[in-house]
Amino acid sequence: MLNGSGIKLFTGTSHPELAEIIARRLGLSLGKASVTKSSIGETDVCIFESVREDDVYIINTGSDNPTSVNTSLMEMCIMIHACKIASAKRITAVMPLFPYARQDKKDKSRAPITAKLVANMLVKAGCDHLITMDLHASQIQGFFDVPVDKYLYAEPSAILYIRTHFNVPDVVIVSPDAGGAKRATSIADRLGVDFALFHKERKKANEVSRMVLVGQVKDKVAILVDDMADTCGTLCLAAKHLSEAGVRTVDGRPQVFAIVTHGILSGNALKNVEESALEKLIVTNTLPQTENQKACEKIEVIDIGNVLGEVIRRSHYGESVSKLFHEVPY
């Protein structure tokens, strides 16, 4: 816990529930501020308390709503700017889901590298430090000229969940694509279990044409791991293939689970999950999940607010955060 001296927490509108969890972890109250929209759609920010010479943390995640992701980003930039010109000593942007993280390279002619643009916007606004989780592409940290705590993974929380809810020797960790093999092998190695992966071919973005399973899953409890679930097409197709590959069944239901850091769950994702062979989709609360849980009984949430709160505490006191790469704080 912090004594509140020299530190202020503020939140935008994208995920106030997570901000409250972080504040409780730190034993602080959220700073007094208002974030509203004018009649013409402009974001209006007012900070109602002094931040002069304070260590300021602004919590606002990327959005699960396609109509508000840009609003969330603009709120962050404007709040950073407001604190900067109010003489804050240091400003840290806490963005559990970094917006535009999948636009990290120029993959076709005249395509933008929007993740770089977002980095420029945050730094230009006055951001001195970024805290994010499971950054989609590691190279994004190189887009910033300020420190980035990006090596925060949901992996310790996922491993704790697996140890708590499963008989570990029965488990096989599965990556839904080759790009996630490093994540899957890391979790599998720490649990001491086997892993498998899918090779997939895409017709176009968010549409998979063919998947080939590499590895043995017969009579095992299969746990798919990934950094984000958007439309959930890949996860649901992988679950179908795993059920056909002979994973363990209970009461006729294939034991296929998925653990994902960022549950974006856009479009028909909830319907896809509900109708799929997935027993459960476990996501963290880097994005709001209350409404998703109401709409789909298969959604379960892991709280990572304590992890982010501990990162803020360690950052404020100048302590190392590397310990949090491997274990969940109490």
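Let's start with helix α2 (residues 69-84) and helix α3 (residues 114-125), which pack at an angle of about 25°, with axes 8 Å apart. Helices here are DSSP runs of H or I, at least four residues, numbered from the N terminus. Axes are lines fitted to C-alpha atoms over the stretch in contact, and angles run from 0 to 180 degrees between N-to-C directions. So α2 is roughly parallel to α3. Angles under 35 degrees count as roughly parallel, over 145 as roughly antiparallel, 65 to 115 as roughly perpendicular, and the rest as oblique.

A word on the model. It is predicted: local features need pLDDT of at least 70, side-chain atom pairs count only at pLDDT 80 or more, and totals for chains, interfaces and linings use all residues. Residues are numbered from 1 along each chain as its sequence is written, and side-chain values use heavy atoms, with hydrogens and water left out.

Back to that pair. Which residues of α2 and α3 make the contact? From α2, L73, M74, M76, C77, I80, H81 and K84; from α3, V118, M121, L122 and A125. Contact means heavy atoms within 4.5 Å. By class, that is 9 nonpolar, 1 polar and 1 charged. Ala, Val, Leu, Ile, Met, Phe, Trp, Tyr, Cys and Pro count as nonpolar, Asp, Glu, Lys and Arg as charged, and the others, Gly among them, as polar.

Next pair. Helix α1 (residues 16-26) packs on helix α9 (residues 305-317) at about 55°, axes 8 Å apart. The two are therefore oblique. Their crossing is right-handed, meaning the near helix is turned clockwise from the far one by less than a right angle. On the α1 side, the contact uses L18, I21, I22, R25 and L26. On the α9 side, G305, N306, L308, G309, E310, I312 and R313 take part. This contact divides into 6 nonpolar, 3 polar and 3 charged residues.

Third pair. Helix α4 (residues 155-165) meets helix α5 (residues 181-191) at about 45°, with axes 11 Å apart. That makes α4 oblique to α5. The crossing of α4 and α5 is right-handed. Helix α4 brings E155, P156, I159, I162 and R163, and helix α5 brings R183, S186, I187, R190 and L191. The classes in this contact are 5 nonpolar, 1 polar and 4 charged.
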